[in-house]
Amino acid sequence: MARHIVAGLDIGTASIRLVVSEVVPESSSPRVLCQVKKDSRGLRRGYIINPDETLENLKDAVKEAERQTKIKLKSVLLSIGGITLDAKVASGQVTISRADQEVSDADQKRALETARASLGDFPNRQVIHQIPLSFKLDGEKVLGQPVGLRGNKLEVKVLFIHSLSQHLNDLIRVVGLAGLSVDDVVAAPLAGSFSTLSTTQKMAGVALVNIGSQTTSIITFEEGIPLSLQVFPFGSNDVTNDIALGLKVSLEEAEQLKLGGNQNQAVGLKKKLDEIIEARLTDIFESVEAHLKKIGRNSLLPAGIIIVGDGGNLENIERLAKTSLRLPARLFDPLQAPQLKTQIRDASWVVAYGLCLFGFGLVSEEPLGTTLVQTTKSSFVRWIKEFWP
């Protein structure tokens with residue numbers, strides 16, 4: 001019997017992470033065959049600036065994964081993040097086409113298309129996901145899908161997650177040059193949510209904050225649906241830089257101090273170090289608070305803030321998040337996440353593993369009855385390849 005293998009690839013600014021997994025009979029989660037991490041070079045704030053360096057590191061990761069699993073990898077699910085990733089909400093409406101006024105699949109599709117058209121000119125950008133947030137029929141909110149109901153006018157509000165076309169092109173091209181095809185592309189914050197957030201949290205209202213090396217992302221959920229996504233151009237490396245400047249030390253020593261590597265610090269030095277770290281984290285959480293205020297969810301997420309990423313290792317980060325955001329806040333603990341089955345013990349792997357969950361169809365459909373990710377697939381990858389030299 002052929003084995004069902006899925007590989008999730010997360011190309012970050014600091015690290016490349018590749019998870020290879022397979023379906024296990026009578027199991028509700030895939031079995032992880034290997035986790036490969038390699039240093040990442042050639043990227044800045046999540047986008048490729050030197051394809052040759054990125055390709056070299058990616059080839060090393062693929063080679064190591066194939067050595068460990070003794071499987072020739074052919075394709076991957078790819079995440080995309082970085083500061084070119086963004087989201088925008090748009091609305092559309094159509095008149096029901098059938099004589100009996102019953103809403104059809106075609107009507108729903110047309111409504112989505114009008115929402116996409118309302119975005120207007122979208123130069124140099126590609127929509128990765130379109131996620132219906134709500135439907136209204138004759139001005140009344142529809143609980144669930146509108147198909148099969150009767151009315152005159154169908155309205156829809158849609159979240160469009162998009163990225164710079166060049167960024168997508170560069171990522172997919174590098175993966176292709178490494179000998180792999182791309183089965184699908186998923187926004188990194190969305191992929192991370194698959195493996196970190198429970199249905200209960202997403203229904204109540206929650207935000208997943210990923211503090212990476214050079215970027216920080218936030219994705220919010222309510223009633224099981226992603227409401228917003230944003231990426232900020234700063235991360236844990238900025239904390240390191242602040243320490244190096246504030247304490248007049250090398251970047252290497254600053255990184256060690258940031259991670260608590262020198263436990264024999266003088267009281268005065270420890271106090272100044274804490275002040276530097278707290279100042280930068282406060283800046284990050286102020287940006288998160290501004291985003292939540294923009295979408296009307298500041299202090300209104302019952303399940304609070306879940307923190308992942310490199311910056312999650314910083315001292316007092318939970319306290320600072322609670323104080324700055326006036327919300328419950330905690331670090332994500334993989335060992336307490338039933339969906340991970342303790343296979344992933346480090347939160348830095350949640351994006352790559354989330355891709356595997358999606359690849360195996362283990363990401364449940366949301367209340368509106370539409371799978372979150374259906375807009376890329378092979379047609380999108382073929383579109384990208386048309387622009388390759």
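Trainee: Which residue in β10 is the bridge partner of Ile 131?

Mentor: Strands of a sheet pair through backbone hydrogen bonds, either parallel or antiparallel. Here the bridge partner of Ile 131 in β10 is Leu 159, and strand β8 (residues 125-137) is joined to strand β10 (residues 153-164) by 11 bridges, the two running antiparallel. Strands are DSSP runs of E with at least two residues, helices are runs of H or I with at least four, and both are numbered from the N terminus; two strands pair if DSSP finds at least two bridges between them.

Mentor: Please keep in mind that this is a predicted model, in which local features need pLDDT of at least 70 and side-chain atom pairs count only at pLDDT 80 or more, while totals for chains, interfaces and linings use all residues. Residues are numbered from 1 along each chain as its sequence is written, and side-chain values use heavy atoms, with hydrogens and water left out.

Trainee: In what order do the strands of the open sheet stand?

Mentor: The order of the 4 strands is β7-β10-β8-β9, with antiparallel pairing. At the edges are β7 (86-95) and β9 (140-142), each of which pairs on one side only, and from one strand to the next the twist averages 35°. Helix α2 (residues 105-117) packs on this sheet, where it touches β7, β8 and β10, and its direction makes about 130° with that of β7.

Trainee: At what angle do the axes of α4 and α10 cross?

Mentor: Two packed helices are described by the angle between their axes and the distance between the axes. For helix α4 (residues 188-196) and helix α10 (residues 350-359), the axes cross at roughly 80° and come within 7 Å, the axes being lines fitted to C-alpha atoms, for helices over the stretch in contact, with angles from 0 to 180 degrees between N-to-C directions. The two helices are therefore roughly perpendicular to each other (65 to 115 degrees; under 35 is roughly parallel, over 145 roughly antiparallel, the rest oblique).

Trainee: Is Ser 21 buried or exposed?

Mentor: Ser 21, found in strand β2 (residues 15-22), counts as buried because its relative accessibility is 0% (buried is under 20% relative accessible area, exposed over 50%, partly exposed in between, with a 1.4 Å probe and protein chains only). Leaving aside neighbours within four places in sequence, Ser 21 is in contact with residues including His 4, Val 32 and Phe 360. Of the 389 residues of the chain, 52% count as buried.

Trainee: Which strands does β12 join by bridges, and in which sense?

Mentor: β12 pairs with strand β13 (residues 216-222) in the antiparallel sense over 6 bridges, and a hairpin of 4 residues joins the two. With strand β15 (residues 305-308), β12 runs parallel and is joined by 4 bridges; Leu 208 stands opposite Ile 306 in β15. Because 5 of its 6 residues are buried, β12 is largely enclosed by the rest of the structure.

Trainee: Where in the chain is confidence lowest, and where is it highest?

Mentor: Where pLDDT is low, the predicted coordinates should not be read in detail. In this chain pLDDT (the predictor's confidence in each residue, from 0 to 100) is lowest in helix α11 (residues 377-385), at a mean of 43, and highest in strand β12 (residues 206-211), at 97. Over residues 365-389 pLDDT stays under 50, whereas the chain averages 88 and 90% of the residues score at least 70.

Terms used
Contact = heavy atoms within 4.5 Å.
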